[in-house]
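Please keep the sequence and the structure at hand while reading.

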Amino acid sequence: MNNSNPYTASSNNRNRLSGQLSTAGVVFMVVAAAAPLTVVNGNTPLAIGLGNGAMAPLGFAFASLVLFAFSVGFVAMTPYVKEAGAFFTYVGTGLGPRAGQATAFVALITYSAIQLGIYGFFGWAAADTVSNIGGPEIPWWLYAGAALVLVAALGYRNIELSSKVLAVALILEIGVVLVMNAAIAFEPSGSALTSLADIPATSSSTGPFGIAVLFSVTGFIGFEATAVFRDEARDPSRTIPRATYWAVFIIGGFYTLSCWFLVYAWGPDTVYGVANDYLNNGGNMVLDTARFYTGRVLTDIMEVLLLTSLVACILSFHNIVTRYQFVLANFDILPRFFAKSHALHGSPHISSLFQTATAIVLVTLCALSGASPLVGVFGSMAGIATVGMVILMLLTSVAAAVFFYRSPHLAPGRGVTTRLVPLIACLLLAFILYLVLSNFTQVTGLGVGISTVLALIPIAAFVIGLVAVRDRSMTQLAELSRVEPLPGREAG
């Protein structure tokens, strides 16, 4: 790649990033953001213990179907969205400039919140790991600060370097779980493998299916960011749709199978009680499962990879936020200097530096507040991000349905994928938003009062985005809705 020309100016004087990310490169970026090893260790026991026990894998399967339905409209609309920026450019194209700007505000809050939350999670996990091996007691925020320095260095440089780092981390963390799954499947007694053919009955004492779906959906946060890297993709019209579908398939399949194997590692009749014992008394259900089936060495490797998974997740969200800020600056929603790119690396370096500074301030405030890194920082920020992410996907599905209902000529003969499926996705995502809000204290681990305030933050960001308008930015955003039929080929 020639980095001497890090961006190009479009016809409306917008700066664009450049790159040669392949489908695999984009997939690595967004699947790493989903942090699969972290989700298997954290969300899976929660889905089993607080949800419907041995039937929890169906929650992950259902979440996968919902996100596949979302992806159909998202992908169908992709060729008509010419700007990077993911959700807000899609919503701006389908629902108009005000809704687009409001969506951008929600996205910034959502991704910034989850990034801060993961810093807290990483700090806690690193401190716990060092303590368990007899190391010194070091405050969580020092570990978070070390991760921040690494992320800042990688985020400042070319996106393809981040992609390579994330690819290695992702392959290792998925690989170690697959080894555990294989050990469970081929356990000498054969009981685990044989029982895969049986569908366990749901005990009346287990929790609701909706809770399993709730924790399943939160494990997908980050997959939808494929379009954020549009300008840095080799062939956006092909790379982004393929990467989106592959991300859903890989994440959904991995979570569902891993949860299924965890159920049968402990037995469908006892796993609900086992999961609750771990949730109530502490410990790591997945690490203990790996230790029993594979031995100490693999468990130690998994524990280390859990930390690298969290760093990879932070790096992914850092890259996502910096590119959101870059595009928002192009639309004069943020100051124009955010839309500058590095002369050598071709990265949005000013935006990256600002995001690093923001992270330093937020982590420092959390450290000074004395908040618990796991519940106070991660729990609260995960709550904000979950509400924000479901709102963003719901708005995008509404935008896709409205866009093709208004312009059916853009996709003749494709009413199912351009109108019907996005409408179904809207209904399913509205149901999941209801699940999130009605069970929000389960997500945050905090009281009703503070949880209510946290849930209102993404909604407040949307309202502010609707009313805090500037004529220049509205004029720029209005250009998103000027769509012409694709020359020489069908939509999608």
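Accessible areas here come from the Shrake-Rupley method with a 1.4 Å probe. On that basis the protein exposes about 18,700 Å², of which carbon and sulfur atoms supply 67%. The model is a predicted one.

**Overall make-up**

The protein has 492 residues, and 59% of them count as buried. Its secondary structure consists of 19 helices and two strands. Among contacts with a separation of 6 or more, 82% join residues 24 or more positions apart.

**Helix 1 and the residue after it**

Helix 1 covers residues 23–34. Its twelve residues should span 16 Å at 1.5 Å a residue, and the 17 Å between its end C-alpha atoms agrees with this. Ten of the twelve residues are buried, so helix 1 is largely enclosed by the rest of the structure. The buried set is made up of Thr23, Gly25, Val26, Val27, Met29, Val30, Val31, Ala32, Ala33 and Ala34.

Alanine 35 sits in the loop between helix 1 and helix 2 (36–50). With 4% relative accessibility, alanine 35 counts as buried.

**Helix 14**

Helix 14 takes in residues 349–369, 21 residues in total. From first C-alpha to last it reaches 30 Å, close to the 30 Å expected at 1.5 Å a residue. The buried residues in helix 14 are His349, Ser351, Ser352, Gln355, Thr356, Ala359, Val363 and Cys366. Seen down the axis of helix 14, these buried residues fall within an arc of 150°, so they line one face of the helix.

What covers that buried side? The cover includes helix 5 (97–132), helix 6 (140–156), helix 13 (296–330) and helix 15 (373–406). On the face of helix 14 turned away from the buried side are the exposed residues Leu368 and Ser369. Glycine 370 follows helix 14 and has a positive phi, near 75°.

**Salt bridges**

Side chains of opposite charge can pair when their charged atoms come close. A search of the whole structure finds two salt bridges, listed here.

| Aspartate 288 | Arginine 291 | 2.5 Å |

Aspartate 288 and arginine 291 are three residues apart in helix 12 (residues 285–294), a separation of about one helical turn. Aspartate 288 is partly exposed at 27% relative accessibility, and arginine 291 is partly exposed at 31%.

Aspartate 300 and arginine 296 lie in helix 13, four residues apart, and are likewise separated by about one helical turn. Aspartate 300 has a relative accessible area of 30% and is partly exposed.

**A nonpolar patch**

Leu456, Ile459, Val463 and Val467 make a nonpolar surface patch of about 350 Å². Leucine 456 belongs to helix 18 (residues 448–467). Is leucine 456 buried or partly exposed? Its relative accessible area is 47%, so leucine 456 is partly exposed: the value lies between the limits of 20% for buried and 50% for exposed.

**Two single residues**

Serine 216 lies in helix 9 (residues 209–218). Its relative accessible area is 0%, so serine 216 is buried. Beyond its neighbours within four places in sequence, serine 216 is in contact with Gly59, Phe60 and Ala63.

Threonine 441 is placed in helix 17 (residues 440–444). At a relative accessible area of 34%, threonine 441 is partly exposed. Which residues does threonine 441 touch, not counting those up to four places away in sequence? They are Leu446, Gly447, Val448 and Ser451. Glycine 383 is 58 residues from threonine 441 along the chain, and the C-alpha atoms of the two are separated by 8.5 Å.

Methods
Residues numbered from 1 in each chain as written. Predicted model: local features only at pLDDT ≥ 70, side-chain atom pairs only at ≥ 80, totals over all residues. Heavy atoms only, no water. Buried < 20%, exposed > 50% of the residue type's maximum accessible area, 1.4 Å probe, protein only. Contact = heavy atoms within 4.5 Å. Expected span 1.5 Å × (residues − 1). Arc of directions from axis to C-beta. Patch = residues over 30% accessible without salt bridge, like charges linked within 9 Å, V, L, I, M, F, W, Y side chains within 5 Å. Salt bridge = Lys/Arg side-chain N within 4 Å of Asp/Glu carboxyl O.
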